Amino acid sequence: MNNFITRTLTGIIFVGVLVGGILWNAFSFAILFALVTGLTLWEFYGLMKHYEEARLQRLISTLGGVYLFVACFLKASGWTDETIFLPYILYIMYTFIRELYAKAPNPIHNWAFTLLAQVYCAGSFSLMNFIALRPNAIGATHEPIYTPLFLLALFAFVWLNDTGAFLVGSMLGRHKLFERISPKKSWEGFWGGFVIVLAASQVFAYFDSELDRIHWLGLAAVIVLFATWGDLTESLLKRTLGIKDSGNILPGHGGMLDRFDSVLMAVPAAYICLELFK
């Protein structure tokens, strides 16, 4: 019972902070997800720091990923041009050159794990800027045009999919979805979450004029598919490392990777869809 209460309270606070940060304004969104990016990278590099003799520069690489998120925010807002990415390119070059002098037992692992997190974590979160922001036509000195609806929909779809899959899977689950990686997931749960998200997409379609109802259905379907793959990808990561949770920063819910695993795959997929649909 105590664990249930802890998990429930943590979940309420987690959802409240995320929704509040997304809806308040562009700057609250940027601050919130710059922090999320940093915490996720810090957690990832902590898990990988000594795996297979890897020796990672945890702080520098975390700051590098946070810089990428901030640079994408400034670029998507129209406040700067592509030169904002030059320091990040230097960081990537430094990552390779450093191994010439570090004398690490396996430099390939250092390169691989460092850059994996930059793509998997920092890259995915950074794309959120291009989903929600665009430059203000009045001029570069003005606040950007911030449209949080698609981000809110993305998180709502992921959460509804998780909830629907759990409830339907618990009651009707018979056929395993991906037993080798996640024995508890079922095809019945997958389709239960899928149907609930498709229905929810039509609620968002009612409040949005940029996409028609068919495109909202397409966006919802893509998010469910890639969110499921994202969940399975992180499960594979944890199985490979031999751990149950990626961390303990969120009482009752595990770590940052545990909470954002579905989102990390859903964001790039949603970005592609929105670019094609608009």
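This is a predicted model: local features need pLDDT of at least 70, side-chain atom pairs count only at pLDDT 80 or more; totals for chains, interfaces and linings use all residues.

A salt bridge here is a side-chain nitrogen of Lys or Arg within 4 Å of a carboxyl oxygen of Asp or Glu.

**Salt bridges**

- In total, the structure holds 5 salt bridges.
- The D231–K185 pair links distant parts of the chain, with D231 sitting in helix α8 and K185 in strand β4 (residues 182-186), 46 residues apart.
- D231 has a relative accessible area of 15%, so it counts as buried.
- Another bridge joins the side chains of K238 and D258, at 2.9 Å from N to O.
- Because K238 lies in helix α8 and D258 in helix α9 (residues 256-277), this pair ties together parts that are 20 residues apart in sequence.
- K238 is buried at 13% relative accessibility, and D258 is buried too, at 6%.
- E234 joins in as well: salt bridges with shared partners connect E234, K238 and D258 into one network.
- E99 and R98 also pair up in a salt bridge, and their closest N and O atoms are 2.9 Å apart.
- E99 is buried at 9% relative accessibility, while R98 is partly exposed at 22%.

**Where α7 meets α8**

- Take a look at helix α7 (residues 187-207) and helix α8 (residues 213-241): their axes come within 8 Å and cross at roughly 145°.
- That crossing of α7 and α8 is right-handed.
- On the α7 side, the contact is made by F190, F194, V197, L198, S201, Q202, F204, A205 and Y206.
- On the α8 side, R213, W216, L217, A220, A221, V224 and T228 take part.

- R239 is found in helix α8, and with a relative accessible area of 48% it is partly exposed.
- Not counting residues up to four places away in sequence, R239 touches R180, I181 and P183.
- How many residues apart in sequence are R239 and I89? The gap is 150 residues, and their C-alpha atoms are 32 Å apart in space.

**A nonpolar patch on the surface**

- L86, I89, L90, M93, F96, I97, L100 and Y101 form a nonpolar patch on the surface, and together they have about 860 Å² of accessible area.
- One of the patch members is F96, which lies in helix α4 (residues 86-102).
- F96 has 36% relative accessibility, so it counts as partly exposed.

- K103 is found in the loop between α4 and α5.
- Is K103 buried or exposed? At 75% relative accessibility, K103 counts as exposed.
- Most residues other than glycine have a negative phi.
- K103 has a positive phi, near 55°, even though K103 is a residue other than glycine.

- Setting aside residues up to four places away in sequence, S126 touches L68, F69 and C72.

**V168 in α6**

- V168 has its place in helix α6 (residues 149-172).
- Which residues is V168 in contact with, leaving aside its neighbours within four places in sequence? They are G173, E188, G189 and G192.
- V168 and K75 are 93 residues apart along the chain, and their C-alpha atoms are separated by 42 Å.

Definitions and conventions:
Residues are numbered from 1 along each chain as its sequence is written. Side-chain values use heavy atoms; hydrogens and water are left out. Patches are made of residues with over 30% relative accessible area and no salt bridge: like charges are joined within 9 Å, nonpolar side chains (Val, Leu, Ile, Met, Phe, Trp, Tyr) within 5 Å. Accessible areas come from the Shrake-Rupley method with a 1.4 Å probe; for residues, only the protein chains shown count as cover. Helices (H or I, at least four residues) and strands (E, at least two) are DSSP runs, numbered from the N terminus. Buried means under 20% relative accessible area, exposed over 50%, partly exposed in between (1.4 Å probe, protein chains only). Axes are lines fitted to C-alpha atoms, for helices over the stretch in contact, and angles run from 0 to 180 degrees between N-to-C directions. A crossing is left-handed if the near helix is turned anticlockwise from the far one by less than a right angle, and right-handed if clockwise. Contact means heavy atoms within 4.5 Å.
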